[in-house]
Amino acid sequence: KIEKYLDLYADKDLQGTLYLADDSGRPVSLSDSADNWTIISSESYKNQLSDAFSAGRSKILIDNYYFLTAPVKNSNLHVVYFLDRYNLTPQVQSITHFLILIAIIGILIITLLSLQISMYITKPLKLLMNSVEEIKDNTYTGLPFNPSDDEIGELGSSIDSMQQTIRQQMAQLQLDEREKYN
């Protein structure tokens with residue numbers, strides 16, 4: 001049963017030592033030939049682990065070593081994962097590089113989408129501005145695009161309608177002017 005419990009906390013990618021310790025911080029599942037035995041079994045580390053167990057802390061940094069702990073229910077034992085801080089550096093760098101890559105890709109996608117959206121909006125607006133200039137110069141021949149169902153399409157339809165109204169009014173004025181002098 002304890003082996004299954006230990007397997008839950010084992011991480012094959014990290015190079016650490018997994019063991020059981022009693023409430024005093026003394027390793028009970030390691031032999032004195034185990035990796036890191038001298039560090040784990042030193043009085044200083046055992047005392048600091050014991051204090052951490054009493055305080056209910058599960059993550060402890062002592063010098064350059066991490067101790068991750070979890071109490072074993074209904075016993076005075078704790079599962080302890082001992083890890084040299086410098087063994088984490090490659091994994092942290094790998095994760096950092098991955099996150100930077102994801103951020104760059106995200107920024108590129110957002111940039112491309114914003115360019116597409118701005119082109120979708122600015123191109124029809126430029127065409128409408130050209131149409132207004134043509135109306136001013138009396139060279140307007142109609143909208144250069146089919147109006148859509150959005151606000152820009154409605155604006156285009158309004159400009160086209162305005163031009164037709166102006167032409168009708170100008171034609172009426174010219175007709176009235178001719179009748180007035182005839």
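Biologist: Is β4 mostly enclosed or open to the outside, and why?
Modeller: In this predicted model, 7 of the 8 residues of β4 are buried, so the strand is largely enclosed by the rest of the structure. Buried means under 20% relative accessible area, exposed means over 50%, and partly exposed lies in between, with a 1.4 Å probe and protein chains only. Helices (H or I, at least four residues) and strands (E, at least two) are DSSP runs, numbered from the N terminus.

Biologist: Got it. In what order do the strands sit in the sheet?
Modeller: The order is β1-β4-β3-β2, in an open sheet of 4 strands with antiparallel pairing. β1 and β2 are the edge strands, each pairing on one side only. From one strand to the next, the twist averages 25 degrees. Two strands pair if DSSP finds at least two bridges between them.

Biologist: How many bridges join the neighbours of β4 to it?
Modeller: β1 and β4 share 7 antiparallel bridges, and 7 bridges also join β3 to β4. For instance, leucine 20 has valine 79 in β4 as its bridge partner, and proline 71 stands opposite histidine 78 in β4.

Biologist: What about β2?
Modeller: β2 is joined to β3 by 4 bridges, running antiparallel. Isoleucine 60 stands opposite phenylalanine 67 in β3.

Biologist: Switching topic: where does α3 lie?
Modeller: α3 lies across β1, β2, β3 and β4, at about 45 degrees to β3. Axes are lines fitted to C-alpha atoms, for helices over the stretch in contact, and angles run from 0 to 180 degrees between N-to-C directions. Contact means heavy atoms within 4.5 Å.

Biologist: Which residues touch the most other members of the largest nonpolar core?
Modeller: Tyr19, Phe67 and Phe82 do, in a core of 15 residues. α3 gives the most to this core, with 4 residues. A nonpolar core is a set of buried Ala, Val, Leu, Ile, Met, Phe, Trp, Tyr and Cys residues joined through side-chain atoms within 4.5 Å.

Biologist: How are the rings of tyrosine 45 and phenylalanine 67 arranged?
Modeller: Their centres are 5.9 Å apart and their planes are at 40 degrees, so the pair is tilted. Rings of Phe, Tyr and Trp (its six-membered ring) pair if their centres lie within 6.5 Å; planes under 30 degrees apart count as stacked, over 60 as edge-to-face and the rest as tilted. Tyrosine 45 is in helix α3 and phenylalanine 67 in strand β3, 22 residues apart.

Biologist: Is phenylalanine 67 buried or exposed?
Modeller: Phenylalanine 67 is buried, with a relative accessible area of 0%. Tyrosine 45 is buried too, at 10%.

Biologist: Last one: is lysine 46 buried or exposed?
Modeller: Lysine 46, found in helix α3, counts as buried at 13% relative accessibility.

Note on methods. Residues are numbered from 1 along each chain as its sequence is written. This is a predicted model: local features need pLDDT of at least 70, side-chain atom pairs count only at pLDDT 80 or more; totals for chains, interfaces and linings use all residues. Side-chain values use heavy atoms; hydrogens and water are left out.
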